[in-house]
Every structure is written in C-alpha cells, then in structure tokens.
Amino acid sequence: MAAMKPRVTLLDYGAGNVRSVVNALELLGCDVSLVRTAADVLGAEILVFPGVGCFGAAMDALEALDVADALRSYLGDADRPFLGICLGMQLLFGASEETPGARGLGVVDGDVTLFEPSDGAVVPSMGWNEALGLDPAAGLFEPRERYYFVHSYKVSRCDPAWRATVTDYGGVRYTSALANGRRVACQFHPEKSGPKGLALLDRFVTRSRGATALPSLGAPLPSSTTTLMAPRVISALDVRSNDAGDLVVTKGDGYDVREKAEGGAVRNLGKPVDLCARYYDEGADEICVLNICAFKGEAAGDLPLLGVLRAASERCFVPLTIGGGVRDYTARDGSAVSALDVASAYFRAGADKVGVGSDAVAAALAYYAGGDGSKTSLRRIATQYGRQAVVVSIDPKRVWLAAGEAPPAFPGLPAAAVADHAKFRGPNGETRCWYRATTGGGRRDADLDVAALAAAAEALGAGEFMVNCIDCDGKGDGYDLELLKIVKRSVAVPVIASSGAGEPAHFAEAFEVARADAALAAGIFHRREVAIAAVKAHLKGRGILVRD
C-alpha cells in the first residue's frame with residue numbers, strides 16, 4: 001500500500017503570496033488544505049504559517065478569523081509540527097516595533113526591531129543571504145546555505161532555546177531561524193529560495209512525521225564568521241498580446257516592439273511561462289514579468305496574465321514580480337476597482353511583489369502638493385502587504401543641458417539633480433543632463449525629476465526601485481550609472497539597475513560603480529546572447545558574491 005501523503009494545513013489570512021508555499025509543498029508530495037476555522041488549526045497534522053505584510057494588520061486578521069487563541073494553544077505543545085515563514089516567524093513574539101501596541105502570539109521571548117539603514121545596507125533587507133546554522137548535527141538547517149530574505153524588521157533578541165540560525169546585515173547580527181521541538185520558523189522564504197529552499201521544506205516535512213522531535217538549538221553564537229548579502233541577477237520579460245491575441249514575450253528597439261518590416265508583427269521571443277521556467281533553471285535570482293499592454297481597462301480581470309502568473313509560480317521557486325496596470329480604474333460594468341484590488345489579484349495569482357509605474361508619478365506630484373498620501377496606491381498596498389512588496393518602476397529620459405544651463409525649477413519641488421557624464425553625450429556634445437520622469441512607458445513627460453520622484457515614492461511606501469533609463473533601453477551599451485547613483489543617493493531602499501545591459505561587465509559596473517542592489521536584463525537573455533551563468537561567472541571572477 002502506498003504511503004499516505006503528508007497532510008499540511010496552511011494558515012492563509014489573506015495577505016501576500018501563499019500560492020508559492022502551496023505550490024512548493026504540493027511539489028514535495030504534500031496534501032495541502034487551508035485553515036477556515038480554529039478547529040482546523042487545532043486538528044492540523046502539520047501547520048504552516050506563511051506571513052507577508054504588516055505585524056499589526058496580520059494580528060488583526062488572525063483575530064478576525066478567530067484563530068489567534070487556537071494558534072497559541074497549538075504552539076504551546078513543542079511536539080506539534082509547525083513552520084512559520086517571514087512574518088509568520090515574527091508573529092511568534094509578543095510585540096514588534098512595526099506596530100507599537102499590537103499584541104503578537106507571545107510564544108517566544110525576544111524583541112522584533114527595525115533595521116536601521118547604514119552604509120551599504122538598505123532597508124528592506126532584500127536578497128540572498130546566508131543562514132548560519134548553529135548546530136549542523138541537527139540536520140534541519142545546514143551550516144552555510146544561502147536563502148532569499150526580504151524584510152524590514154528583525155529578531156534582535158531571542159530566547160537561546162529557540163535560536164537556530166543567525167544572519168548578519170548592516171553590521172547587525174540577528175536570529176534568522178527558530179527551532180524548538182517540532183516547532184520551526186525562518187525569517188527567509190524557503191519557498192522562494194530555489195532548490196535549497198525546497199530541500200529545507202522537504203527536511204522539515206520528513207522530520208515532522210518522524211519519531212524523533214527536532215532538537216532544541218541553543219548552541220553558542222558563532223563569532224568568527226560573517227554572512228554577506230549577494231546582489232541579485234534578475235531576468236525580465238516584457239509581455240503583451242500579439243496581433244492574434246496571444247500573450248508573448250517581446251522586446252523592443254527602445255520601446256518599439258514591432259518588427260522593422262512595414263506592418264511588422266509584434267516581436268515574439270517566446271511564451272511567458274516557458275521563459276520563466278527556463279530562467280529559473282538557469283539560475284536567475286528573481287524573475288520580473290512586465291505587462292506592457294498596461295491592461296486596457298480591466299486589470300484585476302485580465303485572466304490570461306493572471307494565468308501566466310499561476311503557471312509560472314508552479315515552476316519557478318524564486319521571487320516573481322509583476323508590473324503594469326496597478327492603478328485605480330472603473331470596470332466596464334461601472335464598478336470601481338482600486339489599485340489595492342489589482343495588487344491583491346496579482347498576489348493571489350502567485351506574485352511576490354508588484355510594480356507601480358505611472359501611478360507613482362501621480363502620487364509623487366500629489367505628495368508635493370501637500371497630500372498626506374493615505375489614499376495613494378503606494379501607501380495602501382504597502383500598508384496591507386508591507387513595503388517590501390511594492391516596487392516602483394522609474395522610466396526617466398535625459399534632458400541635456402548646455403554649458404552653464406540650469407535645469408528648470410518646478411514650483412514646490414526640490415531642485416532637479418544634475419548628472420555629469422563621462423560616457424554618454426547629448427546631440428551637441430553636452431555632458432550634463434537632468435532626468436525627467438515620464439509616464440506611459442516614456443510616452444508622456446512629467447514635471448518632475450527622478451530624484452524628487454524617488455524621494456516622494458519612498459515616503460509613500462515604495463520598498464524598491466527599478467530604474468529604467470529610456471535612452472539606454474535596447475542599446476546594449478551599459479546601464480546609465482550616473483542615473484543609478486542619483487537614485488541611490490535619494491533613497492535608502494534597494495535599487496535595481498535596468499535598461500542597457502549588453503555584456504557581463506555591465507552587471508559588474510552596476511554593482512561596483514553605482515552600488516546597485518540588483519541588475520536586470522531582458523533581450524540579451526531572451527536571444528541567448530549572454531547566459532545568466534556567464535554573468536555570474538564574471539561577477540565571481542571580480543570578487544562579487546553571487547548565489548550559486
């Protein structure tokens with residue numbers, strides 16, 4: 001008789017991407033069901049608590065579901081298998097600086113505090129870092145594995161009887177995983193950590209069903225080893241409908257995605273899900289799907305792209321970002337659809353982060369006009385899902401300045417930042433420029449410069465910036481390093497270099513010269529002109545950390 005599948009009960013309280021956790025567990029042969037009532041919690045064989053969002057909002061959701069007390073009861077028995085992920089780990093503590101006054105589950109004694117930005121360390125902490133196992137003999141957490149982290153708050157003090165791994169970031173060492181009896185939790189996302197993360201989940205499920213409980217790990221902290229964050233290599237896919245109505249991956253010359261011939265068709269570089277799977281297999285650290293159709297009116301109801309996300313999340317166990325169409329709109333039936341509704345649909349379909357573009361420009365202009373930002377899409381999505389789930393895509397264009405010329409002064413806005421280029425030149429040999437923000441993929445100019453846009457968007461809740469220089473897109477001459485430097489100086493959150501990569505050395509320049517946190521490419525990967533493995537080999541050769 002075949003062995004029964006492990007039965008895993010997943011606590012889904014409506015925040016963030018739980019689909020990836022379900023997909024990972026089902027891939028490992030588990031039978032997954034969702035918590036509907038407190039009785040589901042108490043009757044679970046193995047309970048998994050994925051968490052994305054805000055500490056206070058998550059606890060409110062647990063109370064609304066009437067499962068908080070059941071969780072405390074379940075966790076009071078050290079022999080009951082439990083896995084908490086990210087916020088699902090932090091909620092085990094009694095409180096968090098993220099939401100002063102909110103009461104957590106109070107199972108573990110310790111403190112949850114905010115990361116403070118420091119030289120070279122932005123907040124949120126986002127990327128591939130190591131979890132340094134305190135007791136390799138325990139067999140659950142390997143001593144030097146690299147996993148995907150994305151969080152702004154950390155466990156800065158923890159009961160030693162629970163501490164399983166530690167991680168360093170920004171000069172601070174914090175507890176990155178817990179284990180006590182059969183109860184386990186991790187700050188990182190194993191379901192988004194590729195094959196090593198899947199292996200960890202498999203070990204957890206296997207040992208949860210074994211006769212021997214997982215040991216308590218209270219070993220002394222290692223003192224001689226420091227973990228380091230590896231910058232990310234991201235593959236991006238521009239997705240739109242072709243003339244036959246099929247979704248395809250395309251890439252333009254600049255922003256023109258049609259073939260050169262008269263009446264040329266939309267350039268077709270492959271099927272979105274197949275390319276996502278290929279890049280996962282080839283070692284991409286993240287995958288970004290950019291909807292360049294921008295949803296002509298029905299964002300939350302665009303079933304084909306949501307289907308792409310669902311299918312991609314079943315084959316790709318690294319972070320997935322979806323950009324395009326995150327805005328308020330009126331549906332054909334006259335109902336109002338909010339940007340938060342659109343983001344929620346994306347998350348439920350398998351996205352880990354959502355990208356906001358044109359809406360961020362409008363929000364920034366309103367911010368400088370004196371609005372409090374509470375009704376902007378950035379603030380609403382960040383409040384519900386956490387700022388780490390919000391990526392702002394910036395599409396600026398260079399405006400060249402003659403010798404001695406100053407950029408325009410926009411009323412109520414800070415002075416525009418000026419770049420002095422050593423590499424790029426204007427049409428008349430100019431070396432100085434400022435960067436004008438645009439909307440609609442570069443089709444409409446905004447009275448706003450890139451530094452002011454970035455500062456306002458960060459204040460409104462942006463957790464990361466994707467910086468796409470329109471002048472560099474599709475050229476293969478390298479990223480606009482001066483633009484990246486301006487954005488890095490303007491914000492204290494991660495910055496992704498985008499537009500212009502043509503060879504592995506360009507990625508190294510983004511990390512070494514502009515201090516970008518990630519670098520993205522599309523066409524060179526689609527056309528197999530450059531392999532992800534070649535990029536990582538070049539980076540390793542220059543002494544830059546990469547995820548193997």
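Mentor: Asp548 is exposed, since its relative accessibility is 68% (exposed means over 50% relative accessible area, buried under 20%, partly exposed in between, with a 1.4 Å probe and protein chains only). Its side chain meets that of Lys540 in a salt bridge, with 3.3 Å from N to O; the term stands for a side-chain nitrogen of Lys or Arg within 4 Å of a carboxyl oxygen of Asp or Glu. This is a predicted model, in which local features need pLDDT of at least 70 and side-chain atom pairs count only at pLDDT 80 or more, while totals for chains, interfaces and linings use all residues. Residues are numbered from 1 along each chain as its sequence is written, and side-chain values use heavy atoms, leaving out hydrogens and water.

A second salt bridge joins Arg542 and Glu512, whose closest N and O atoms are 2.9 Å apart. It links distant parts of the chain: Glu512 lies in helix α14 (residues 504–512) and Arg542 in the segment after α16 (532–541), 30 residues apart. Helices (H or I, at least four residues) and strands (E, at least two) are DSSP runs, numbered from the N terminus. Arg542 is partly exposed at 47%, and Glu512 is partly exposed at 31%.

Asp111 and Arg157 form another salt bridge, at 2.8 Å from N to O. Here too distant parts of the chain are linked, with Asp111 in strand β5 (residues 110–114) and Arg157 in strand β8 (residues 153–158), 46 residues apart. Asp111 is partly exposed at 32% relative accessibility; Arg157 is partly exposed at 37%.

Arg232, Glu286, Lys353 and Glu464 are linked in a network of salt bridges. The count of salt bridges comes to 28.
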